[in-house]
Amino acid sequence: MKDQTIEQTEQFVRNEMGEDSTGHDWFHVDRVRRNALHIYKEEKTGDPFIIEMAALLHDIPDEKLNINAEAGKAKLNRFLDTIHLTADEKRLIIQIIGSISYKGGQKTELQSVEAKIVQDADRLDALGAIGIARAFAYGGKKGQPIYDPSFQVREEMSLEEYRKGKSSSVHHFYEKLLKLKDLLNTSTARKMAAKRHQMMMLFLEQFYQEWDGKKS
Ligand code: ADP
Ligand code: NI
């Protein structure tokens, strides 16, 4: 039964997310699901069914993929009513998805170990080589420059500023990506983040060298 529910959910998400080019595509969701199940296996805690379901559905209500936050929530709700779940499972999945987003660094206290694992899995996909690719893809779609040295790095910001403020994709590394390794919940995710963090630091170092016109 649970296998079939996962299968149905996968089909739904594949259909919903196919065409996005901001880094919120099906492949992102699939990586988050795999990261989450890996963390679960290492940490040996939480309910793997809830973890997999929440990972698969985590971007479905995202404001960027819906007219607004309300429409997103309604879409998730409608889908959950079409599959076989207990009321508790449904409530937990909704609660996890509502609590894990980064949104400019605003901190919500996470209620469950499943939420901590899915949040870590989502954050890992913003790091490393994939994270670099996603940052520039998102930046291009929004029409922001790859880099502009005249912009300030924004330390504290509201959600509005985080989404709409003047920034560049390189600035996004300082505003979010380089902070993520210290914001992870599980030690498994911290281990997975180390190499990805190093990769981003190396990328930035080389980026500035080329920006400054170094010849080698
Ligand atoms: P979440 O959905 O986890 O709250 P976002 O929707 O803010 O996170 O980000 C989704 C992806 O787009 C991430 O890989 C993130 O790094 C990237 N991204 C978000 N905002 C920017 C930005 N201003 N510039 C470049 N990349 C961004
Ligand atoms: Ni995501």
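Predicted model: local features only at pLDDT ≥ 70, side-chain atom pairs only at ≥ 80, totals over all residues.
Residues are numbered from 1 along each chain as its sequence is written, chains are lettered from A and ligands numbered from 1 in the order in which they are written, and side-chain values use heavy atoms, with hydrogens and water left out.

The axes of H2 (residues 26-43) and H6 (residues 113-124) cross at roughly 130° and come within 8 Å. Helices here are DSSP runs (H or I, at least four residues) numbered from the N terminus, and axes are lines fitted to C-alpha atoms over the stretch in contact, with angles from 0 to 180 degrees between N-to-C directions. The crossing of H2 and H6 is right-handed, that is, the near helix is turned clockwise from the far one by less than a right angle. In the contact (heavy atoms within 4.5 Å), H2 contributes His 28, Val 32, Asn 35, Ala 36, Ile 39 and Tyr 40, and H6 contributes Ile 117, Val 118, Asp 120, Ala 121, Asp 122 and Leu 124. Eight of these residues are nonpolar, two polar and two charged, where Ala, Val, Leu, Ile, Met, Phe, Trp, Tyr, Cys and Pro count as nonpolar, Asp, Glu, Lys and Arg as charged, and the others, Gly among them, as polar.

Distant parts of the chain are linked by the pair His 28 in helix H2 and Asp 122 in helix H6, 94 residues apart.

The axes of H3 (residues 48-57) and H5 (residues 87-99) come within 9 Å and cross at roughly 50°, which makes H3 oblique to H5. Phe 49, Ile 50, Met 53, Ala 54 and Leu 57 of H3 make this contact with Glu 89, Leu 92, Ile 93, Ile 96 and Ile 97 of H5; nine of the residues are nonpolar, none polar and one charged.

The axes of H4 (residues 69-80) and H5 come within 11 Å and cross at roughly 155°; H4 and H5 are therefore roughly antiparallel to each other.

Terms used:
Helix = DSSP H or I, 4+ residues; strand = E, 2+ residues; numbered from the N terminus. Parallel < 35°, antiparallel > 145°, perpendicular 65-115°, else oblique.
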